[in-house]
Amino acid sequence: MIRTRFAPSPTGYMHIGNLRTALYEYLIAKHYGGRFILRIEDTDQNRWVDGSVEAIHNTLITAGLRYDEGPDIGGEYGPYVQSRRKDIYLKYAQELVANGKAYYCFCGKECLDALTEHEKYDRRCLNLTAEEIQAKLASGAPYVIRQLIPDGETRFLDLVFGDITINNDELDDQVLIKSDGLPTYNFANVIDDHLMEITHVIRGNEYLSSTPKYNLLYDAFRWKIPVYIHLPLILNANGEKMSKRKGDASFEDLLAQGFLPEAVVNYIALLGWSPADNNEIFSLPELIEQFDETRLSKAPSAFDTRKLTWINGEYIKKLAPEAFQAMSLPVLKSAVKTPGIDLVSVSEMVQTRINFIYEIPQLVDFIDKLPDYGAELYTHKKMKTNTENSLANLKHALTVLYGLNLWDLTHIHDALAGLVESLGIKNGQMLWPVRTALSGKPSSPCGAAELCALLGKDESLKRIQMGIALLESYLM
RNA sequence: GGCCUGUUGGUCAAGUGGUUAAGACACGGCCCUCUCACGGCUGUAACAGGGGUUCGAAUCCCCUACAGGUCACCA
């Protein structure tokens, strides 16, 4: 059974890189029928931000990444918050001390400060006798527990980056238990991953260099080393690491900007991973099915809002009409106050024309109020229209539409088509002026006949008359 | 600075010794069309640089450059 875990610290900000890490952890677990676990790493009390556990929960759920075990839902490997596991870690550190693989260190700030910048700890406390240690412990002197790093080299295999070997000289005797009694991140991480039977450790590339430290710990305990999968970074559009400080968007920010959660998840799945075929639009179940950890890439990738925007548009377009209405109707209701407008059909018109829901109002603003527009709008080279023939054709349209008793799309359409035929003109020469008079805009979400049907007979005729008046005064 | 890692069009990316070096976004053009979109077709554009190895290198090796990560009682 594959078990993966998402282990954020509660610092209050879920950036896109974190979310993608969680996504991949979720996908790998689910692809193989395994379990996805949420664990909060709060061994640094100073960095705790209130409410961040809720924020993490909400983000994961909104993104569709339902975890199987976690702080709020429990599980058989709990607790899932490290501060509540405090007692566990000390015991394991002491076990290492008893085996000669770790030692107490009483060095305070002053003796550590004596070390120059890139110098390793000089192991002076390793020489303490058992009596000296007992005495210091009994006196209540603050201490840490350090792991004694053996000579030699440490080698590990990462599924993405391959075989990596480093010389143990590079490593300091790492602190396992801090003087406040809490474990360091690295130590707690190894203990918990082991105890929670995590099989695949999936995390950001920034942990690649510290992986040997983890393995040295697994070795000291003679525990099975998990499969490592390190993920390349996600950069912002300037090629820099994303951060809140630089104004880069978090998942929540993106949702606030109008991106759909499914679209964001879909997009970030593609940042650092590619499917075997050329498809790019995936639902979460499809991602679960197709995700393959061997197709992860090593190179960092830049977050491209334009592509996300395209994906968002794709999601909007493929929404069933009813699902789209659930989003569009509330917006339309507040954007269109004119009574009697068929908002469901407006919703349909607008669906293929937007990438964001918030773009709807500007597309339909002409319904309530005909915008002020200039006569030059009637001149369109490709439609072969100018102010003169527009005026003439508008007059014809007015007459025919005025006489139309049945005001529905079919009849309006037929009436205008008949007019085009009897006048022997091109479609656009009739339809462009009518469309223009009705919308007052260079573009509209539908054509002339649909606009007539939408606005109703009275309003349509009124707007055509206004167009005629505008052109007459312009040509005078 | 030491160590580790990375580098295919503007962006995401396929590619694992022989390809006309895919595809997507963006951008341009054409078609469809009463506008704008949608849809369809199409164009511009890439193997960081230099040495090897090989009949043959984007793919293997070395050097250089650039970028990132890491060297905490942070995670």
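I started with helix α12 (residues 321-335) and helix α14 (residues 360-368), whose axes come within 10 Å and cross at roughly 45°. This is a predicted model, where local features need pLDDT of at least 70, side-chain atom pairs count only at pLDDT 80 or more, and totals for chains, interfaces and linings use all residues. Residues are numbered from 1 along each chain as its sequence is written, and side-chain values use heavy atoms, with hydrogens and water left out.

Are α12 and α14 parallel, perpendicular or oblique? They are oblique to each other, since angles under 35 degrees count as roughly parallel, over 145 as roughly antiparallel, 65 to 115 as roughly perpendicular and the rest as oblique. I noted F324, S328, V331, L332 and A335 in α12 meeting I360, P361, V364 and D368 in α14; contact means heavy atoms within 4.5 Å. By class, the contact of α12 with α14 has seven nonpolar, one polar and one charged residues.

Next I looked up helix α1 (residues 16-31) and helix α9 (residues 261-269), which pack at an angle of about 80° with their axes 10 Å apart. That makes α1 roughly perpendicular to α9. On the α1 side I listed I16, L19, R20, L23 and Y24, which meet V264, V265, I268 and A269 in α9. The residues of this contact divide into eight nonpolar, no polar and one charged.

Six bridges join β5 to strand β6 (residues 162-167), and the two run antiparallel; strands pair if DSSP finds at least two bridges between them. A hairpin connects β5 to β6 through three residues. I also found R155 opposite T165 in β6.

Methods:
Chains lettered and ligands numbered in written order. Helix = DSSP H or I, 4+ residues; strand = E, 2+ residues; numbered from the N terminus. Axes fitted to C-alpha atoms, helices over the stretch in contact; angles between N-to-C directions. Nonpolar A, V, L, I, M, F, W, Y, C, P; charged D, E, K, R; others polar.
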